[in-house]
Amino acid sequence: MAENQPLLRSDDNEVVRESEGNERKSKASARVVSLDVFRGLCVFLMMLADYAGSVFPSIAHSPWNGVRLADFVMPFFLFVVGVSLAIVNKIVVDRTGATLKVVFRTLKLFLLGIFLQGGYLHGITGLTYGVDIERIRWMGILQRIAVGYIVAALCEIWLPCQGLKRDILFSNYIRQWCIMILLCAIHSGLLYGLYVPDWQFSVSQSTGSSIYEVKCSVRGDLGPACNSAGMIDRYILGIDHLYAKPVYRNMKECNGSNNNRLSVSTPSWCHAPFDPEGILSSLTAAAACIIGLQYGHILVKFQDHKERLCSWSVLSLSLLVVGLFLAFIDVPLNKSLYTISYLLVTSAAAGITFCLLYVLVDIYGWRRLMFVLEWMGKHSLSIFILITSNIAVILIQGFYWRDPRNNIVRWVVTKFVQK
């Protein structure tokens, strides 16, 4: 009968017997409810930051250095991608086939991100659609997740567990940790080591084009004007393909106005685009997925709740201590640059949050209280497409009174957001 077949094919009789003998435990580790709840929490926080951040600035993204609630959303998503990959790829028989699937899924996710965030679909204050290919945005949220996904997936497929020691946090996955450290080293080397010359750019306005010049001629600057991350994106992606309204426009230097009506007295760099999901910061974002892998390994290897929680807690506290130490020695917590301190602190926060949800949902059984988040977690990509990429808003805007501008979305924006 089908129910007597092993879940995973293997020529190793010992592995088969272990799989059959622990079938119930394997199923439990394959579908941990708290993981769905955690993913749903990520979607909820993203929606909260997108739509309530303008009303409550304290939860919106930090203008530059520092972290607020919205700054934990992306690291949480990357964390849960890593945990899920460890579960899905706990036994890989055909590495080449698995790699092809990973590449195909990465391309689908990346192209979907370009379509949704490249500018084709209009925002909540506009009623037009379509995108100028010369100004399409190449990077974005889904694109960053795609980069982290393929790096972590390839690590899991080609750099599997090297032993059966109880200390699985480091020894058994030493090569994966080395890849993570290498990514961080390359990120820091380029961030602090590249020389950033003076640069200029033009901005198209209703009255014509204005040319701005930014004075830099520095190395290792971590400010919004002269950091090497922005320079790399301008050279490789092109300045016209970067995010047009960077969050640093909310800084006091830019008069705290994240819009297209900046004062002529503001510094020139306030008018420049900058992509928070750029190329350089994607290196440490991929490292965040590899950290998530380690939490997933603990989930797969250990079956006892106490062992899992102890291992997760040790790893989270270690990351938090190192991250705070780096912040103390002037490595700023910066989401736009995805600095090492930001990587470690937010990954630790993700681990601690996951531990709490695991205790509440999988140990104490508070599943009914979390059913909304669980449902959102199971349909996270669909919700992202419908809501956070404004498709649901577009559908609502289709109903208006006499004039397309007389719709409920525009009323909410003018009443509460732009007051």
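Mentor: One term before we start: buried means under 20% relative accessible area, exposed means over 50%, and partly exposed is in between, with a 1.4 Å probe and protein chains only.

Trainee: What share of the 419 residues in the chain is buried?
Mentor: Buried residues make up 48% of them.

Trainee: Where do these coordinates come from?
Mentor: This is a predicted model: local features need pLDDT of at least 70, side-chain atom pairs count only at pLDDT 80 or more, and totals for chains, interfaces and linings use all residues. Residues are numbered from 1 along each chain as its sequence is written, and side-chain values use heavy atoms, leaving out hydrogens and water.

Trainee: What does the chain average in pLDDT?
Mentor: The average is 84. That score is the predictor's confidence in each residue, from 0 to 100. At least 70 is reached by 83% of the residues.

Trainee: Where does pLDDT stay under 50?
Mentor: Over residues 1-30. For that stretch the model has 18 contacts beyond four places in sequence. Contact means heavy atoms within 4.5 Å.

Trainee: How many helices and strands does the chain have?
Mentor: There are 15 helices and 4 strands. Both are DSSP runs, numbered from the N terminus: helices are H or I with at least four residues, strands are E with at least two.

Trainee: And what share of contacts with a separation of 6 or more is between residues 24 or more positions apart?
Mentor: Those pairs account for 71%.

Trainee: Let's do helix packing. How do I describe a pair?
Mentor: Two packed helices are described by the angle between their axes and the distance between the axes. Axes are lines fitted to C-alpha atoms, for helices over the stretch in contact, and angles run from 0 to 180 degrees between N-to-C directions.

Trainee: Okay, at what angle do α3 and α4 cross?
Mentor: Roughly 155 degrees, for α3 (residues 33-52) and α4 (residues 73-88), and their axes come within 9 Å. That makes α3 roughly antiparallel to α4. The cut-offs: under 35 degrees is roughly parallel, over 145 roughly antiparallel, 65 to 115 roughly perpendicular, and the rest oblique.

Trainee: Is the α3 and α4 crossing left-handed or right-handed?
Mentor: Left-handed. A crossing is left-handed if the near helix is turned anticlockwise from the far one by less than a right angle, and right-handed if clockwise.

Trainee: Which residues meet there?
Mentor: From α3, they include L35, F38, R39 and C42; from α4, they include V73, F76, F77 and I87. The contact of α3 with α4 divides into 13 nonpolar, 1 polar and 1 charged. Here Ala, Val, Leu, Ile, Met, Phe, Trp, Tyr, Cys and Pro count as nonpolar, Asp, Glu, Lys and Arg as charged, and the others, Gly among them, as polar.

Trainee: What about α6 and α7, at what angle do they pack?
Mentor: About 150 degrees, with the axes 10 Å apart, for α6 (residues 141-158) and α7 (residues 174-193). That makes α6 roughly antiparallel to α7. The crossing of α6 with α7 is right-handed. V151, C155, E156 and W158 of α6 make the contact with R175, Q176, I179 and L183 of α7. That contact has 5 nonpolar, 1 polar and 2 charged residues.

Trainee: New topic. Where is S380?
Mentor: In helix α13 (residues 380-388). S380 has a relative accessible area of 16%, so it is buried. Beyond neighbours within four places in sequence, S380 contacts R39 and V43.

Trainee: Where is S336, then?
Mentor: In the loop between α10 (305-328) and α11 (340-363). S336 counts as buried because its relative accessibility is 5%. Leaving aside neighbours within four places, S336 is in contact with W64, V247, F274, P276 and S281.

Trainee: Is Y338 buried or exposed?
Mentor: Buried, at 0% relative accessibility. Y338 sits in the loop between α10 and α11. Its phi is near 50 degrees, a positive value in a residue other than glycine.

Trainee: And D330, buried or exposed?
Mentor: Exposed, with a relative accessible area of 65%. D330 is found in the loop between α10 and α11, and its phi is near 75 degrees.
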